[in-house]
Amino acid sequence: MTGTLLMDSSLLANAESVVARARAGDTEALGQLYRAFEVPVYNLARRICRTTEDAEDVLQETFFEVCRSIGRYREEGSLWGWIRTIASSKALMRLRRNKYRDTDELHDEAVGHRREDHHLRMDLEAALERLPEISRAVVWLHDVEGYTHEEIGDMMGKTPSFSKSQLSRAHARLRLWLGEELIP
Amino acid sequence: MTHLSMETLVSLRERGSEPGQAAAREHLNECDHCQAELQRLHQRVARLKALPTLRPGRDRWPEARARFTSERRRRRTRVVGLTGLAMAASAALAISVGNLSRPADPTPEQLSQAMQRSQVLESALNDYNPGGRVVDGRTARIAGELEDRIARVDRQLEATALQQAADRDLLKLWRERVGLLDALVDVHVTRASNAGL
C-alpha cells in the first residue's frame, strides 16, 4: 500500500491517513484530496474539453465521483492513476454529451483545407486547440498521460485501431500546422 | 523513394513490434528524411508534455462537497429508515417473548421515541434542503463536521443492528444521532434567520 501511495507523496502529504479518513466519509479529508489533485485533474480536463466551463464541470464531477467511490479504491495502482482514470472518463463523457460536431469531415469543412494551412506557423498550444475534440483527446491521453491505445479504446467505447488512426492523423495535422524545424 | 507514413512513424514509437515494422526500421536506417521526421515527432511529444499546467479559475470543491453530502443525506435517510424498521421489529419480538427483564434496559417506548424524533428532524432537514442553498464558509464547515459525525453514528447503528447489540447501546446511539441532527437543524435555521432568508 505504501509503495503505491508514495507515488502521490509529492501531491499529498500523509496520503495513507488522508485516504483512510476519506474512506470513513470525513469531508475534511476528501477536501484535502481535492486540493491535492484539483490542478492535474483540471489540466487534463481542459486539454480535452473545448471550454473552461466544461473543464470545471468535469473537475466537479470527478471529485463528486471520488467522494462516492473512494471506498472502492483498492490501492492496486497509484491514487493519482485512479483519480486520473475517473477524470478522463468524465471528460470523454462530456465530449459525447455536448455532441460536438467532431467528425473529421465536418471539422475539415469548418476550418478547411485552406491553402494557407501549408504556410501556417502556429504555436503548439494553438495547434492542439485547433484539433478536432476526439483527436485532441487521443493525443493528450496517449502522448502526455501515457495511456495505451487499448485503454483509450476502452474509455471511448472504440477499438485500439480507432485510437491509433486518430493519433496519426492528429500528428499529421500538427506537423503541417507547426511547420517544425528540428531542434539540434 | 517512398517515405514512411505518419501512421508508421507513430507506430515506431510504440513499445513492442507490429507486423511490417522490421521493413520500416530498415528503411528508417537508410533514410535521412524519415529519421528527421521521427525526430520531429519525438520533439513534438516532448513539447506537448512540457506545455504549461492550466489551473481552474474557480474553486469547485464547495459544489462537489454539497452534492456529495446531499446524496449521503438521502442515502442515510433510506438506510436508517430500514435499520429503524428492523430494530422496531426486533424490539416487538423481544416484548412478545418477555425478554425485557433487566431493570437497566430502556423501555421499547424510549427507543421508539428516539427513532421518531430522529425521523422528524431528518424530515425537517430534507424540507429545508440545505444542499440547494448558498451557505457561508463557517456554516458549511460546521454542517460538514456534523454530517460526518452523523455518518459515523449511522455506521455504528448499522453495525449494532447486525450484532444484535443491547438496547441501552442502541438508545445511546439514537440519542446521539438526535442530538447531532438537532444541532444540524440549528446551524442551518439559525444561519438562515440571521441572514433573513
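Reader: Which residue takes a positive phi just after α9(A)?

Author: This is a predicted model, in which local features need pLDDT of at least 70, side-chain atom pairs count only at pLDDT 80 or more, and totals for chains, interfaces and linings use all residues. Residues are numbered from 1 along each chain as its sequence is written, chains are lettered from A and ligands numbered from 1 in the order in which they are written, and side-chain values use heavy atoms, with hydrogens and water left out. Helices (H or I, at least four residues) and strands (E, at least two) are DSSP runs, numbered from the N terminus. The residue just after α9(A), with a phi of about 70 degrees, is A:Gly157.

Reader: Within what arc do the buried residues of α9(A) fall?

Author: Helix α9 of chain A covers residues 149-156, and its buried residues (under 20% relative accessible area; exposed is over 50%, partly exposed in between; 1.4 Å probe, protein chains only) are A:His149, A:Ile152, A:Gly153, A:Met155 and A:Met156. Seen down the helix axis, they line one face of α9(A), because they fall within an arc (taken from the directions from the helix axis to the C-beta atoms) of 165 degrees.

Reader: Which helices do the buried residues of α9(A) pack against?

Author: Contact here means heavy atoms within 4.5 Å. On that basis, the partners of these buried residues in chain A are α5 (79-98), α8 (133-144) and α10 (160-178).

Reader: How many residues apart in sequence are the parts that A:Asp54 and A:Arg94 tie together?

Author: The two side chains meet in a salt bridge (a side-chain nitrogen of Lys or Arg within 4 Å of a carboxyl oxygen of Asp or Glu) at 3.4 Å, N to O. A:Asp54 lies in α4 (residues 52-69) and A:Arg94 in α5 of chain A, so the parts joined are apart in sequence by 40 residues.

Reader: Is A:Glu38 buried or exposed?

Author: A:Glu38 forms a salt bridge with A:Arg35 at 3.7 Å, N to O. The pair is separated by about one helical turn, because the two are 3 residues apart in α3 (residues 27-48) of chain A. A:Arg35 is partly exposed at 43% relative accessibility, whereas A:Glu38, at 14%, is buried.

Reader: What relative accessibility does A:Glu65 have?

Author: A:Glu65 forms a salt bridge with A:Arg68, with the closest N and O atoms 3.9 Å apart. A:Arg68 counts as partly exposed at 41% relative accessibility. A:Glu65 counts as buried, because its relative accessibility is 18%.
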